[in-house]
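Let's take a walk through this structure together.

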Amino acid sequence: MKTITSARYDLVPSIRATSVASLSPTSFIAAIPVILSESPPLTTLALVEPTSPFCCIHEALVSRIQFRYSVLKRELLLKIYGHELRCDLASLELTLADKDFFPWVRFPNVPVAIVPAKRWIFESVQFVLGYESCLQHLKITFAFRHRYLRASTSSKFDVAQKDAREFVEPSGLIEAEELFRGQAFESAVAMAAAALEERLSQALGKNRFESMSYWVGAASVRKNLPPNIGRKIRRIGELRNEAVHHSSGKRISRVDAQRVIRDTRDILRHLWLQQRGPVT
Amino acid sequence: MAKKTKPSNETIVFLSSTFRDLAPHRETLKLALESSGYRVFGMELFTANVNPPLETCLAELDQSDIYIGVIGEYYGSCPPGSKKSYTRLEYERARERGMPMFIFLTADDAQVTPAQIERDAKKLKRLNALKAHLKKNHTLAFFKDANEAAWQILAALRKHELKLREIAATK
């Protein structure tokens, strides 16, 4: 039985001394992608820093997107590189991603120091993987010659083993949400509909790609999905045509876009649950 | 929009690309560039802004010193009422402004997943037209993955800096 799970990451190149007249990068950064929140999406590259006792997060990242954490201790004194950092210690669920940013392993209740902006000492990154909270669970091997690092851990943390079939929003829907936040409502509707087209094609179309206009009247939708889902698909199809072709000249409002994103998520979740089957 | 202040010795790089297919590339490039002393502007910074995205994108671009375009196999979203994507509009603005431009395209042997490929026939046509235009008007570099893109961009920027220094020395 497999008990170890591994992921490989390229070391990120960097030119440290920009004043030196050399054309070759002179250093590498060991970084692993972390997923702090799936909706709204928050994925970033985290620095592997064993000298830090705890994982550290920049307060700007905390405020950028609100994700769930609970404060464990106020005013923790942290010593890193000879600097004394006073910060709050919180606990959160930390997901490490693979190199393509898909969830790989998940650690529950990870202690993380929330460091105020003016005391942040790490360059270029806003999240740091420290020893006690995270790195002690991992075996990390560096292959400098081939410019990569490999991380391994017990498969009990593996998202694929534990709850791989947990619903993960497709990137199209994530981008639709980004566009919605940027008030590009028509683009958001078109993007959400594209994500739905893709998923319906995978689930019902035997991977043959069909457009939204096909799915609006498709017999396979009527046969395989409940009537309320069929109604939602038709409504998304209408709004998508409005957003892309301006068929009746009606403007796509914030409410329309919000509804399309919400309905798309409901349908995708339904398709996922249908495909996963009952949990045993 | 509040104007960002820029220290005189800081080079701001505008990173232009689609998001859906190149999100991991953007994170890697941002880390590589920032740790090499560049300040990076790009769409990650736009979400908290109240202005519409295009206006915000172009305002950030206008404050940047160097344009880097990373073009994959996806045309990307378009602002309302426009057939041109954000990436294309950013490229055109950078060209208008005469900024130093570095453009990177996915190599023929790059691994691309089905979700990263443009499927809309009209957008695909526009993407191919954009690539043809870029090939005709620029010296391009090609990348297979995020790390290779980072290497190539850092090398291109270093060459650009050396060239600037040589020009400054001859004056």
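What follows starts where the two chains meet and then looks inside each one. Keep in mind that this is a predicted model.

Start with the place where chain A and chain B touch. Chain A brings 34 residues to the contact, and chain B brings 31 residues. On the chain A side, the elements that give two or more residues are strands E2 (12-14), E4 (31-37) and E5 (42-48), together with helices H3 (171-181) and H4 (185-203). The top contributor there is H3(A), with 6 residues. Sorted by class, this side of chain A has 16 nonpolar, 9 polar and 9 charged residues.

Now pick out H4(A) from that group. Is H4(A) mostly enclosed or mostly open? Of its 19 residues, 15 are buried, so the rest of the structure largely encloses H4(A).

Strands of a sheet pair through backbone hydrogen bonds, in a parallel or an antiparallel way. E5(A) runs antiparallel to E4(A), with 6 bridges joining them, and A:Pro33 sits opposite A:Leu45 of E5(A). E5(A) also pairs with strand E10 (residues 127-129) of chain A, this time in the parallel sense over 2 bridges. In that pairing, A:Val48 stands opposite A:Leu129.

Over in chain B, look for an open sheet of 5 strands in the order E2-E1-E3-E4-E5, with parallel pairing. Which strands stand at the edges? They are E2 (39-41) and E5 (140-143) of chain B; each has a single partner strand, so one side of each has no neighbour in the sheet. On average, neighbouring strands of this sheet are turned by 25° against each other, direction ignored. Zoom in on E3(B) and E4(B), which run parallel and are joined by 5 bridges; B:Val70 faces B:Phe104 of E4(B) there.

Finally, find two helices of chain B, H1 (residues 23-35) and H5 (residues 146-170). Their axes come within 9 Å and cross at roughly 35°, and the crossing is right-handed. Residues making this contact include B:Leu29 of H1(B) and B:Ile153 of H5(B). By class, the contact has 8 nonpolar residues, 3 polar and no charged ones.

Note on methods. Residues numbered from 1 in each chain as written. Chains lettered and ligands numbered in written order. Predicted model: local features only at pLDDT ≥ 70, side-chain atom pairs only at ≥ 80, totals over all residues. Contact = placed C-beta atoms within 7 Å. Helix = DSSP H or I, 4+ residues; strand = E, 2+ residues; numbered from the N terminus. Nonpolar A, V, L, I, M, F, W, Y, C, P; charged D, E, K, R; others polar. Pairing = 2+ DSSP bridges. Axes fitted to C-alpha atoms, helices over the stretch in contact; angles between N-to-C directions. Buried ≥ 20, exposed ≤ 12 C-beta atoms within 10 Å, placed from the backbone. Left-handed = near helix turned anticlockwise from the far one by under 90°.
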